[in-house]
Amino acid sequence: MRSADVPAFTAFVHARSSALFRTALLLTGERHVADDLVQSTLEQVCRHWRKIRSADAPEAYARRILVNLANDRWRKLRGHKEVPLDDGVEDGFVDPYKGLVVRDALMRELQSLPIGMRTVLVLRYFEDLDDAEIGHLMNISAGSVRSQVARGLSKLRSTVDAQAVHSRSGGAA
Amino acid sequence: MKDHELEQELAAAMRDRSRQEPPYSYDVDGLIGSVRRRRRRLQAGAAAAVAIVALGAGFLSRPDHDRVSLPVQAPTASSVVLPPSPTASTSASASASASASASASASASTSTAASAPKPADPARTTNTLFLAALRYQNPATRSQVDPVEVAALFADESAYRRIWGADSTGVTCGSSVDGVLAAGEVLLYQGVERLDRAPAPTFDGSTGKVTDLTCRTVAGGSKVGDPTVSGFYGGLVTAAKSGDSTAMSRLGRQFVTANLRSAQGPTAGTCSSTTPPFWLADNPSSGTLTHGWTVNLGGPYDFPIEIDENAKVATACGK
């Protein structure tokens, strides 16, 4: 990187690294892994800064790198699936903060989804991208995006429904 | 819970989760430093590879019986005023006499050279030179080639005129080609067929610019080159020229892993390019059982690929 490019790159890192980190956190579920992903993403952005700088949306380029790296990591770890443990919510427990429990369950279930499905959900419901943007970013069609979103939501719904059954049975006990 | 409620709950859950962990503050100097260190290592490796090939071919010190002289080009190269290189004797007044546009380019290059006196990386120059030749030799991409930028790759104007010539085929040993594999030595392809003559550029040690280029005979045999790269990308280029729309899936089955085809669909291994005008693969890398290249199919960006132990493209475009 040329010295003249350093200020612009520095500004980019300061402006966008937090957003990249949050997306990485949702894709990986773990803080230290998210940090590694963002670090690697920013290194690649730095390496290709002259090309990225001239692109219309350097942020989109960086997000694409991040998603690709998350996919790579998932493929390497495939077969070693880790699902976060339930945080001590016992059967039959009536939780006055039911909404929080549901959100916690959603996040745990999100991490158990295949990486592609997880990525489309994060890009749609956290990054607020539309189907075409997600498809372009992930190199898949908008139709594939829609079907993955539908399947992902279906899996998450089953978790929420199970949570509701737990709550109801707990309340009756 | 209704659909829209589930979607709202999911979005809220994601926002909650993302706020639970404060982001790190990333060290920009550290990032830049690590990238620069890596780049220096790669440049050192590439320069060593080029030097080894050059010394092996022997063209730096002695004539070689199997090397033929470069075809002499008619001195009809585009009239281009070379931007002065740091060691060139071209005077400032010479540049001043150039046309306005050429002077502007020359001035820009001069200021760049003044602020970055490091010699150009021979591997980078090789990449730029052969990409320019591939672009020039394809009528559809010829207009993308800037003669001033091409001329700046050479040590002086006479080298540019002698080697690039009128139509760039001096760079590719007198033939028009649509594929280049550069791994220290440079191999030329027409479709999936490798030419039996290969260019060997010589670089100025202090500037890294091209001073000469000879063409040598390449021995036959499938061990020279990379059959997967030339078979797949050469096949795609041939298919694009002939309008064969069925070739991509056939070549994909032959040269791309099922996993990658499943992940990337019908354009697997090409970074979504469907009708590449040419291909260039360089920057080789190797692992225990795999090896990789950086590929350009005529687009603005290069992309990495990795070839597995079954000689199939296993990753491309970072996937």
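R63(A) counts as buried, at 11% relative accessibility (buried is under 20% relative accessible area, exposed over 50% and partly exposed in between, with a 1.4 Å probe and protein chains only). The model is predicted, so local features need pLDDT of at least 70 and side-chain atom pairs count only at pLDDT 80 or more, while totals for chains, interfaces and linings use all residues. Residues are numbered from 1 along each chain as its sequence is written, chains are lettered from A and ligands numbered from 1 in the order in which they are written, and side-chain values use heavy atoms, leaving out hydrogens and water.

R63(A) has a salt-bridge partner in E59(A), with the closest N and O atoms 3.3 Å apart. A salt bridge here is a side-chain nitrogen of Lys or Arg within 4 Å of a carboxyl oxygen of Asp or Glu. E59(A) and R63(A) are separated by about one helical turn because they are four residues apart in helix α4 of chain A. (Helices, H or I of at least four residues, and strands, E of at least two, are DSSP runs numbered from the N terminus.) E59(A) is partly exposed, at 28% relative accessibility. Over all chains, the rule counts 15 salt bridges.

Here are some of the salt bridges, side by side.

| Salt bridge | N to O distance |
|---|---|
| E59(A) and R63(A) | 3.3 Å |
| R103(A) and E9(B) | 2.8 Å |
| R31(A) and E21(B) | 3.4 Å |
| R17(B) and E21(B) | 3.7 Å |

Let us now look between the chains. How many salt bridges does the rule find across the interface of chain A and chain B? There are three. One joins R103(A) and E9(B). This pair runs from helix α5 of chain A to helix α1 (residues 3–20) of chain B. R103(A) is partly exposed at 24% relative accessibility, whereas E9(B) is buried at 16%. E21(B) also takes part, through its salt bridge with R31(A), and within chain B E21(B) meets R17(B), a residue that is buried at 16% relative accessibility.

Inside chain A, Q148(A) lies in helix α8 and is buried, with a relative accessible area of 18%. Leaving aside residues up to four places away in sequence, Q148(A) touches G116(A), M117(A), V120(A) and I140(A). A polar atom of the Q148(A) side chain lies 3.3 Å from the backbone nitrogen of M117(A).

Chain B has ten helices and ten strands, and 45% of its 319 residues count as buried. Among its contacts between residues at least 6 apart in sequence, 60% join residues at least 24 apart. Strands β5 (residues 197–203) and β6 (residues 210–217) of chain B run antiparallel, joined by seven bridges; strands pair if DSSP finds at least two bridges between them. T202(B) stands opposite D212(B) in β6(B). β5(B) and β6(B) form a hairpin with six residues between them, and G208(B) in the turn has a positive phi of about 75°.

Note on methods. Contact means heavy atoms within 4.5 Å. A polar contact is a pair of N or O atoms within 3.5 Å; within protein, one must be able to donate a hydrogen and the other to accept it, and residues adjacent in sequence count only if both atoms are side-chain atoms.
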